[in-house]
Amino acid sequence: MSATASPMSPVPPASPAAPASRTHVIVGVLAAAGIVVSVMQTLVVPLIPDLPQLLHTSASNASWAITATLLGGAIATPVVGRLGDLYGKRRLLLISTVLLVVGSLVCAPADSLAPVVIGRMLQGFGMGVIPLGISIMRDVLPPERLGSAMAVMSSSLGVGGALGLPISAAVAQGTDWHVLFWGSAGLGLVVGVLIFRLVPESSVTARGRFDVVGALGLSAGLLCLLLPVSKGGDWGWGSGTTLGLFGAAVVILLLWGVWESKHPAPLVDLRTSSRRPILMTNLASIVIGFAMYAMSLVAPQLLQLPGTTGYGLGQSMLAAGLWMAPAGLVMMAVSPFAARLSAARGPKISLLVGALVIACGYGLALGLMGSTWGVVAFAAVVSAGVGFAYAAMPALIMSAVPASEGAAANGLNSLMRSIGTSSASAVMGVVLAHMTTTLGPVSIPTEAGFRATFMIGAGVAVVAALVVLGIPGRARAGRPVPSAEPSAGVPAEVPGESLVPEAVKDAR
């Protein structure tokens, strides 16, 4: 790796550890960026019932406004992470916010499907902000602040998602829906200016060229995988299109793996990613992502079903969003405790606690689903578990890879979470669609259907805990992870690399 300064930077290159006064500013700006980006994920959820009419299209086609953001985020996170390692994390952070703003401006005046889909995909590209932000924290923050800072950054996902839903619902109900996108453009612009002025460029970069073939191969493979996962319910799970795309995904990703294993500077270092600590953490991320998103999908539906069903809670979209908002705040509130637990016992223990708390939350749901306060309670428990888990995952990843690969490794971990959330959407959608009853002219999920989803969530969380048990060792003080390509003039250690699992060192 090499030490370089970004020519875009209005501040000097980052020192090995930012002063305490700057630390608070850097963490605050990066966390705010994470919240804004995660708000984009729920921005159009209140509009889902009205999108076909607003965009003059069918309900099936209108769902592309959601799917496009998912695909954009999945493709962007590993690619943008690697670009950040090579050409400057802050530079790519700014580019990601620019794409978010451009996407919002494309959507803002639109009244048809095509520009909204294009703009929503560009907004999805902004998801690279979170792994890039975590990697910058590793490079510029003092080690004693790193754990809590990464926990706050990770929890911004939940906070943005929880706050975005009621805010979007209130705006959509009170004014023209285009205001949502004008507002998101303004938020993105403010965050971009704050990053430009207040966040320093990392002095840690990787050497080598960008793996264009690897990026194209991974993007094609992810598209073929996530498209049928997202749209299989509309196309039919046994249709030629769905099965053909799944088959193409297998072939493309296998060929991509062969290419990456032979490339001297791969997009994803499969040798590093196959190490047991990283592999098991990424597998746990898929399952935790599933468990987290299941709650986001199921609880609002339960809140909004009419009370005449006997189990629905009769809330409006805005009220349902407000009832769910405390869950996101709980995720932020537990992040400092998760960081302390990770510092004392290792991030593996925090991740294990998170998985078990999530399982307990879904268990509570079976007994508390009959009231709005009950939904708030079990959603808060699930979110607390997610807060512990999300705080631990970047710590496990960052302690097991060289600083010059930090953004790419975090991007891959974020991708694993996205695969988990996509799978949750597909599985829970199938369960609720097949366990229905009629209410007037429409079909709605049955009470048994909701109970089945909660039991699936609990089971998946238990599986996550079992996967976590396969992560070797615990993080403790030790020698740093060496860079694959050290160069003269670069310190042997950067902030955050001192927390290396002993098992990782043994594996090397």
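User: How many helices and strands are there in the protein chain?

Analyst: The protein chain has 19 helices and 4 strands, where helices (H or I, at least four residues) and strands (E, at least two) are DSSP runs, numbered from the N terminus. This is a predicted model, in which local features need pLDDT of at least 70 and side-chain atom pairs count only at pLDDT 80 or more, while totals for chains, interfaces and linings use all residues. Residues are numbered from 1 along each chain as its sequence is written, and side-chain values use heavy atoms, with hydrogens and water left out.

User: Why is Ser273 called buried?

Analyst: Buried means under 20% relative accessible area, exposed over 50%, and partly exposed in between (1.4 Å probe, protein chains only). Ser273 has a relative accessibility of 15%, and therefore counts as buried. This residue lies in helix H12, which covers residues 270–273.

User: Which residues does Ser273 touch, and which does Val268 touch?

Analyst: A contact means heavy atoms within 4.5 Å. Leaving aside residues up to four places away in sequence, Ser273 touches Val268, Ile278, Leu279 and Leu412, and Val268, counted in the same way, touches Trp256, Glu260, Ser273 and Leu412.

User: What share of the residues in the protein chain is buried?

Analyst: Buried residues make up 58% of the 508 residues in the protein chain.

User: Which members of the largest nonpolar core touch the most other members?

Analyst: A nonpolar core is a set of buried Ala, Val, Leu, Ile, Met, Phe, Trp, Tyr and Cys residues joined through side-chain atoms within 4.5 Å. The largest such core has 73 residues, of which Leu30, Met137 and Ile195 touch the most other members. Apart from this core lies another, of 52 residues, including Ile358, Phe450, Ala464 and Val467.

User: Where does helix H10 bend, and by about how much?

Analyst: The bend at a residue is the angle between axes fitted to the seven residues ending there and the seven starting there. For helix H10 (residues 212–235), this angle is about 45° at Val229. H10 is followed by Gly236, whose phi is positive, near 100°.
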